[in-house]
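Here's a friendly tour of aromatic rings and nonpolar packing. Have a look at the structure first, then read on.

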Amino acid sequence: MSITLTRLTPLQQWEAQVNSLVPTPSPQLAAITTAFQVYEGARTQTNLADLSAKLEVWRTTGLLKERAILAGDAKDLELYITRAEKANQVISAKASNVGANQFYDFISPLPADVAADCNGLLPPSLHLPVMGPQEIIKINEAFSRAYEAACAARDALAKLSPKLVTGVRIGGAVRTPPPAPTPPASPTMTLYTTWFGAWDHARFTKVLNGFEDICDAFDAKVQLYDIRNTTDGSGWYAACYPANVTRDTNRRVTSRVRMVMGRSFFSGAIPKRSGGTFNAQAAFSGTSDATLGTFVHEMAHGTFCAVDAPMVNPDCTWTLAPVSMVPGNPGFGLSPNPGSNQSSTPDMDRLLAQCHPAVAVFNADNYGQFARACVGASI
């Protein structure tokens with residue numbers, strides 16, 4: 001069964017709350033909504049700063065009753081502004097800032113080992129010039145949107161089970177407490193079960209930890225390699241070297257994700273690995289709503305060694321059995337032929353979650369789909 005959800009945008013959520021709780025808003029409150037509408041119409045740093053200023057005026061001089069009723073919504077808006085500030089700084093970055101970006105560092109010249117991994121360089125006559133402003137803008141926006149979506153997913157999951165406890169130490173021994181109760185029905189719970197299957201405390205913990213790793217790895221800055229002038233890169237989109245993030249005793253990430261980017265990222269669409277048609281989800285056309293799912297997918301590979309699971313038949317049998325179905329095995333849930341048989345579309349991922357949730361929480365594409373859903377990205 002296919003489940004379709006219509007999620008409100010942050011602006012729609014704000015307007016719905018204000019209209020339902022404060023039928024006659026004060027001028028200061030109305031000014032926030034107007035500034036929010038202006039920003040959503042043109043996401044510039046100036047418009048965002050104006051929205052932030054209007055919110056601050058209302059929070060300090062607005063009617064006490066309004067501020068009390070909308071306190072939680074104001075905090076959500078403040079968080080949205082904070083994320084958008086970071087995203088806009090990236091989107092506004094110029095091509096000259098290639099080496100000092102918020103979410104990635106371009107590693108140049110291309111290291112020999114990376115070129116070798118991509119089957120070597122193309123002949124010089126086939127090389128593309130260095131990236132210009134148009135290419136950099138696309139990369140910047142894709143990174144910023146993917147970061148925003150991953151963090152929105154992380155925060156939504158944290159609210160779903162805010163009292164998450166995985167183990168306590170009593171008398172020197174670690175004892176596992178009873179599983180947390182199943183969260184009540186909610187839009188987030190529906191999204192979780194759609195993309196990761198029936199509720200299970202341990203699987204939920206895996207998913208939450210996965211999104212925490214992705215967000216923190218973005219903050220640690222990705223090492224990005226331009227492989228457009230390599231044999232493989234002439235047709236590739238983007239990919240991450242499989243790895244697990246490392247952390248210090250304060251939980252700070254001490255490793256860097258390694259990502260490669262090829263020509264197909266800029267060409268509008270890429271072929272599905274499961275067939276020869278174009279994958280509309282990866283098309284970059286005006287916005288990177290489409291690309292954010294792919295970037296989160298790849299970051300899952302690069303931060304906790306997520307796999308590309310094989311496709312599932314409608315009767316829940318595998319079209320191609322995974323390398324292993326033994327939890328903890330490095331090949332658990334992994335397609336033996338991900339180049340032509342992997343779960344990588346919304347319908348495939350929903351079916352995987354329904355039939356094999358233990359594998360869905362390891363499948364990179366399910367993370368991309370969940371992140372897209374959390375920010376209302378269109379298919």
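## A charge over a ring

Let's begin with Arg258, which sits over the face of Tyr241, 4.3 Å from the ring centre. Keep in mind that this is a predicted model.

## Rings that pair up

There are 21 aromatic pairs in this model. One of them joins Phe332 and Phe362 in an edge-to-face arrangement, with 5.4 Å centre to centre and 80° between the planes. Phe332 belongs to the loop between helix H10 (289-304) and helix H11 (346-355), while Phe362 belongs to the loop between helix H12 (357-360) and helix H13 (364-374), so this pair ties together parts that are 30 residues apart in sequence.

How do the two partners sit, buried or exposed? Phe332 counts as buried, because its relative accessibility is 6%, under the 20% cut-off. Phe362, at 27% relative accessible area, is partly exposed.

Some rings also gather in a group: Phe103, Tyr104, Phe106, Phe143, Tyr147, Phe218, Tyr237, Phe265, Phe266 and Phe295 make up one aromatic cluster.

## The nonpolar cores

Phe143 from that cluster turns up again in the largest nonpolar core, which has 58 residues. Along with Ile139, Phe211 and Phe370, Phe143 is among those with the most contacts inside this core. Helix H7 (residues 133-160) gives the largest share of the core, 14 residues.

So what does Phe143 touch? Leaving out residues up to four places away in sequence, its contacts are Phe103, Tyr104, Phe218, Val222, Leu224, Met259 and Phe295.

There's a second, separate core too, with 19 residues, including Val18, Val22, Ile32 and Leu48.

Note on methods: Residues numbered from 1 in each chain as written. Predicted model: local features only at pLDDT ≥ 70, side-chain atom pairs only at ≥ 80, totals over all residues. Heavy atoms only, no water. Phe/Tyr/Trp six-rings, centres within 6.5 Å; stacked < 30°, edge-to-face > 60°. Helix = DSSP H or I, 4+ residues; strand = E, 2+ residues; numbered from the N terminus. Buried < 20%, exposed > 50% of the residue type's maximum accessible area, 1.4 Å probe, protein only. Lys NZ or Arg CZ within 6 Å of the ring centre and 35° of its normal. Core = buried A, V, L, I, M, F, W, Y, C linked by side-chain atoms within 4.5 Å. Contact = heavy atoms within 4.5 Å.
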